Amino acid sequence: MPFEAINPASLPTPIAPFSGGTKADGIIYTSGILAFAPDNSVLHPGDPAAQTRHVLETIKTIIEDVGGAMSDITFNHIFVTDWDNYQAINEVYAAYFPGPKPARYCIKCELVKPEFLVEIASVAHIGKD
């Protein structure tokens with residue numbers, strides 16, 4: 001199935017061969033989003049809430065770029081490096097999903113750089129193309 005790559009001009013160019021998101025058959029998939037600065041350094045080291053906010057704002061930008069909204073997200077894949085950050089991450093997350101909550105899972109793992117504390121990948125449904 002053909003798909004459309006989503007790389008909003010307002011976001012940094014990915015550091016590896018991938019798109020920030022893709023859209024196919026009315027479904028948007030975001031890549032795993034991390035708190036990267038435009039120079040590819042880590043934003044907000046040691047601050048899980050600020051990193052989560054940055055990640056969700058990036059996801060919002062990707063989804064809105066093709067006509068979707070955060071309320072269209074149906075599933076989130078969440079990766080954390082430390083369960084001690086779980087509450088701070090959830091507090092920010094809840095603010096972005098005030099209504100019905102998307103399905104999700106959350107696992108603890110290492111991320112691309114040790115300063116990253118959270119990574120989120122999302123799936124949104126915005127209707128058939």
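Which residues does Ile-59 touch, leaving aside those up to four places away in sequence? They are Thr-30, Ile-33, Met-70, Ile-73, Ile-120 and Ser-122, with contact meaning heavy atoms within 4.5 Å. Before going further, a word on the model: it is predicted, so local features need pLDDT of at least 70 and side-chain atom pairs count only at pLDDT 80 or more, while totals for chains, interfaces and linings use all residues. Residues are numbered from 1 along each chain as its sequence is written, and side-chain values use heavy atoms, with hydrogens and water left out.

Now step back to the whole chain. It has two helices and six strands, in the order β-β-β-α-β-α-β-β. These are DSSP runs numbered from the N terminus, with helices being H or I of at least four residues and strands E of at least two. The radius of gyration is 14 Å, close to the 14 Å that the globule rule gives for 129 residues, so the chain is as compact as a globular protein of that length. That radius is taken over C-alpha atoms, and the rule is 2.2 Å times the number of residues to the power 0.38. Of the contacts with a separation of 6 or more, 70% join residues 24 or more positions apart.

Back to the inside. Ile-59 is among the residues that touch the most other members of the largest nonpolar core, which has 22 residues. Such a core is a set of buried Ala, Val, Leu, Ile, Met, Phe, Trp, Tyr and Cys residues joined through side-chain atoms within 4.5 Å; buried means under 20% relative accessible area, exposed over 50%, and partly exposed in between (1.4 Å probe, protein chains only). Helix 1 gives this core its largest share, six residues. Another core, of seven residues, lies apart from it and includes Leu-34 and Phe-79.

Helix 1 (residues 48–65) also holds Thr-52, which counts as buried because its relative accessibility is 0%. Its side chain reaches the backbone oxygen of Pro-48 at 2.7 Å. Further along the sequence, Thr-52 touches Ile-89, Val-92, Tyr-93 and Val-118.

That brings us to helix 2 (residues 86–96), whose buried residues are Ile-89, Val-92, Tyr-93 and Tyr-96. They sit on the same side of helix 2, because they cover an arc of only 105° around the axis, judged by the directions from the helix axis to the C-beta atoms. The face turned away carries the exposed Gln-87, Glu-91 and Ala-95. Cover for the buried residues includes helix 1, strand 4 (73–80), strand 5 (103–108) and strand 6 (118–125).

How values were computed. Polar contact = N/O pair within 3.5 Å; in protein donor to acceptor, adjacent residues only side chain to side chain.
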